[in-house]
Amino acid sequence: QVQLVESGGGLVQAGGSLRLSCAVSGRTFSSYAMGWFRQAPGKEREFVAAISRSFGGTGYADSVKGRFTISRDNAKKTVYLQMNSLKSEDTAVYHCAAKEITYLSGSYYSGSNEYDFWGQGTQVTVSS
């Protein structure tokens, strides 16, 4: 059973920073491509950032490009989302997701329906 547990959310002023973490347990973390998605009240879930299983491939939504950075530590079985220059529109519940990849791949994935496992989410609130 694969479990994803997010942490690091909270309340921050506009212009501030937060670092989200997603710890993965169960199977081999290095076999997963990982993604971060967010959902604001009354809105659909949207893609934020993704990182490939291998070779360090990353992708970002245009709205966060240049402000957010996704990274992974396979030894710690954790994926991170460093969020800088936060804006009020970044307020949402942030979820991490995992997609099992059975071969070495530098591909990352931005579609929520492409992922196999999801965490419960962590709330990020940015006050203006």
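Reader: With which residue does aspartate 90 form a salt bridge, the closest N and O atoms being 2.9 Å apart?

Author: The model is predicted: local features need pLDDT of at least 70, side-chain atom pairs count only at pLDDT 80 or more, and totals for chains, interfaces and linings use all residues. Residues are numbered from 1 along each chain as its sequence is written, and side-chain values use heavy atoms, with hydrogens and water left out. A salt bridge is a side-chain nitrogen of Lys or Arg within 4 Å of a carboxyl oxygen of Asp or Glu. For aspartate 90, the partner at 2.9 Å is arginine 38.

Reader: How many residues apart are aspartate 90 and arginine 38?

Author: Aspartate 90 lies in the loop between β8 (78-83) and β9 (92-100), whereas arginine 38 belongs to strand β4 (residues 32-39). Strands (E, at least two residues) are DSSP runs, numbered from the N terminus. The pair links distant parts of the chain, and the separation is 52 residues.

Reader: Is aspartate 90 buried or exposed?

Author: Buried means under 20% relative accessible area, exposed over 50%, and partly exposed in between (1.4 Å probe, protein chains only). Aspartate 90 has 0% relative accessibility, so the residue counts as buried.

Reader: Which residues are linked in a network of salt bridges?

Author: Arginine 38 also pairs with glutamate 46, the closest N and O atoms being 2.6 Å apart. Arginine 67 meets aspartate 90 at 2.8 Å, N to O. The network therefore consists of Arg38, Glu46, Arg67 and Asp90.

Notes. Helices (H or I, at least four residues) and strands (E, at least two) are DSSP runs, numbered from the N terminus.
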